[in-house]
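Subject: Two-chain model for your records

Dear colleague,

Here is the structure I said I would pass on. My notes on it follow below the entry.

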Amino acid sequence: MVSIDVWNASVDFPIFDAKTRSLKKAVLGKVGGKIGTDQRAPIIEALHDITLSLQEGDRVGLVGHNGAGKSTLLRMLAGIYEPTRGTAHIHGKVAPVFDMGVGMDPEISGEENIIIRGLFLGMTRKQMEKRIDEITEFTELGDYIQMPLRTYSTGMRVRLALGVVTSIDPEILLLDEGIGAVDAAFLDKARNRLVDLVKRSGLLVFASHSDEFLMELCNTAIWMDEGHVRLRGGLREVLTAYKGRDPYENMSPETLARLGVEPVVPDAHARA
Amino acid sequence: MHATSTIDKPMIPSAVAPTRSFTRAIEDIRQGIAQRELWAHLGWQDIKQRYRRSVLGPLWITISMGVTALGLGILYAVLFKHPLQQFLPYVTTGFIVWNFINGCITEGMSTFVVNEGLIKHLPAPLTVYALRTVWRQTLMFLHNLAVYVIMVAIYFGSLDHVYQMDRQNGQFHPGLGLWSFSAIPAFFVLALNGVWLTLLIGIISTRYRDIPQVINSVIQLAFYLTPIVWSPDDLFGSGGSNRTWAKVIFQFNPLYHFVQVLRAPMIGQHVDWWSWATVGGITVLGWALALVAMRNYRARVSYWV
């Protein structure tokens, strides 16, 4: 069964800089008296007392300001940061998509990069080799797939990364924002594949600033603020509280039609 | 199992071992080994990467080893007045073995630091990065082995019988024979040590960034203190046997025993039983230390890098 259980979890980062690590300071500090008494490195509390439980079928959007702890929460859910206090239990195969560029080697071909990235996501070499044709077709990279990655433009790299991620079957899919560098035509295509992928995956947590993407992929949401869960609930409700206005208000009629929602008359839902 | 729990109050599952436990440390190592395809691919990629766009590619590893071994071998054979046909294979083999050990130490300590990006973005057992490093060193070792094969092919006639490197009072060596195949288990033991070493000093160096500098400054000295370009015979060569204290002291260098268990069978030299005992003891002790480090600090590495 796919599930994530987080109980009173906190993530504290120790900050080691040259000053706190310096031996010189430790030695000289003894002479000066009270100044150097606090020997411990300063700590940043990135997440504080997070408690949540996600089950199979949950599609959770993460919203919040920059630095609110969205990415750190995603990394904790991926098992990269084990909480410094509290516990986090993750059952299921995790596929995190945080930074499109990580795990990509600029000197080797797109094809080899596809295989390496797939191996990191828990696939075998043979499974990835079977998928290469499909990924090439989807990314529209053509013969570029044989070229070293350094010859790719930013958009082409994003295409490749999206191609790999959307070709696998993850149980827990964790998406961080950063799907912005591709052109509009490809974005449409990628959107369909993402929606498809989300349907296939057991559990989704998606951090984004785009109401449109959130509305399309998620049904519930968590509002992160200064490392706390500020609000948790239905997506529309959380977005309204976070942004101070109904998310449907500013969307184009086409988007609304795709989401299957009636156009909203401004002010009808305002200041909910 | 959580069907009854509400969304905001999950039950604390008790079935999973806490973060700091030997169960989790061993699980990390077990899963790391299981992802053989990943670390083998990454290790091989590292080698190809280093020599990309060069015409000879990884063959450069072999060539540079050949040049260094030949140059140093001839220089020290002349300096210490040793017969070239036995001293040249001795220096070459010693250098190849030392390169493997040296690589495990110097690249092992930066294992987690250089993989910072991957560690922070993709969840994988830490052991994967340690195995990637040791596998890369193994591949380099295999490339260097070509130099050894050529050297032994040339001087086989001087190594296949009982010989002395120092004609007057040198150690008697049994010469190459079937027992030389004990080099294969010896290499496995060295690689096994490479893994614990990488895990242990990798973790320490991630937390304390001064440690790599300390090791870097000591490792060069260790090369000269270990009998690689000189032979233990030289310690009491022309000066007579009044320097037995020297023989006792250099035995305390653990690196000597690691070099010896692999080098000696490769060129048919005598290996003392206590060399194997020392290596075995260090293997057990090292793994115990690495397991304790993994238990306590495995989960901290992603915070520290």
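The secondary structure of chain A consists of 10 helices and 9 strands. Please keep in mind throughout that this is a predicted model. Chain A has 272 residues, and 39% of them count as buried. When contacts between residues at least 6 apart in the sequence of chain A are taken, 71% join residues at least 24 apart.

Chain B has 14 helices and 2 strands. Of its 305 residues, 38% count as buried. The C-alpha trace of chain B spans about 85 × 50 × 40 Å along its principal axes. For contacts in chain B between residues at least 6 apart in sequence, the share joining residues at least 24 apart is 77%.

Confidence in chain A

The mean pLDDT of chain A is 80, with 84% of its residues at 70 or more. Over residues 31-37 the pLDDT stays under 50, and the model has 3 contacts for them beyond four places in sequence. Residues 268-272 of chain A also stay under 50, with 6 contacts beyond four places in sequence.

The core

The largest nonpolar core has 140 residues. Those with the most contacts inside it are A:Leu62, A:Leu77, A:Leu174, A:Phe206 and A:Ala221. The element that gives the most to this core is helix H7 (residues 126-159) of chain B, with 15 residues. As background, nonpolar side chains in soluble globular proteins tend to be buried together. Leaving aside residues up to four places away in sequence, A:Leu77 touches A:Ile4, A:Ile90, A:Leu174 and A:Val205.

Where the chains meet

The contact between the chains takes 30 residues from chain A and 26 residues from chain B. On the side of chain A that touches chain B, the elements giving two or more residues are strands E1 (3-14), E2 (43-55), E4 (85-91) and E5 (94-97), together with helix H4 (110-120). E1(A) provides the largest share of that side, 5 residues. By class, the side of chain A that touches chain B has 14 nonpolar, 9 polar and 7 charged residues.

Two helices of chain B

Helix H1 (residues 22-34) of chain B has 13 residues and reaches 18 Å from its first C-alpha to its last, close to the 18 Å expected at 1.5 Å a residue. Which residues of H1(B) are buried? They are B:Ala25, B:Asp28, B:Ile29 and B:Gly32. These residues sit on the same side of H1(B) because they cover an arc of only 90° around the axis. B:Thr23, B:Arg30 and B:Ala34 are exposed on the other side of H1(B). The buried residues of H1(B) pack against H7 and helix H13 (273-297) of chain B.

Two backbone points in chain B

Most residues other than glycine have a negative phi. B:Arg53 is not a glycine, yet has a positive phi of about 70°. B:Arg53 lies in the loop between helix H2 (36-50) and helix H3 (59-79) of chain B. B:Arg53 counts as exposed because it has 7 C-beta neighbours inside 10 Å, and the limit for exposed is 12 or fewer.

The other residue is B:Lys81, also not a glycine, with a positive phi near 55°. B:Lys81 lies in the loop between H3 and helix H4 (84-108) of chain B. With 12 C-beta neighbours inside 10 Å, B:Lys81 counts as exposed too.

Regards

Technical notes: Residues numbered from 1 in each chain as written. Chains lettered and ligands numbered in written order. Core = buried A, V, L, I, M, F, W, Y, C linked by C-beta atoms within 7 Å. Buried ≥ 20, exposed ≤ 12 C-beta atoms within 10 Å, placed from the backbone. Helix = DSSP H or I, 4+ residues; strand = E, 2+ residues; numbered from the N terminus. Contact = placed C-beta atoms within 7 Å. Nonpolar A, V, L, I, M, F, W, Y, C, P; charged D, E, K, R; others polar. Expected span 1.5 Å × (residues − 1). Arc of directions from axis to C-beta. pLDDT = per-residue confidence, 0-100.
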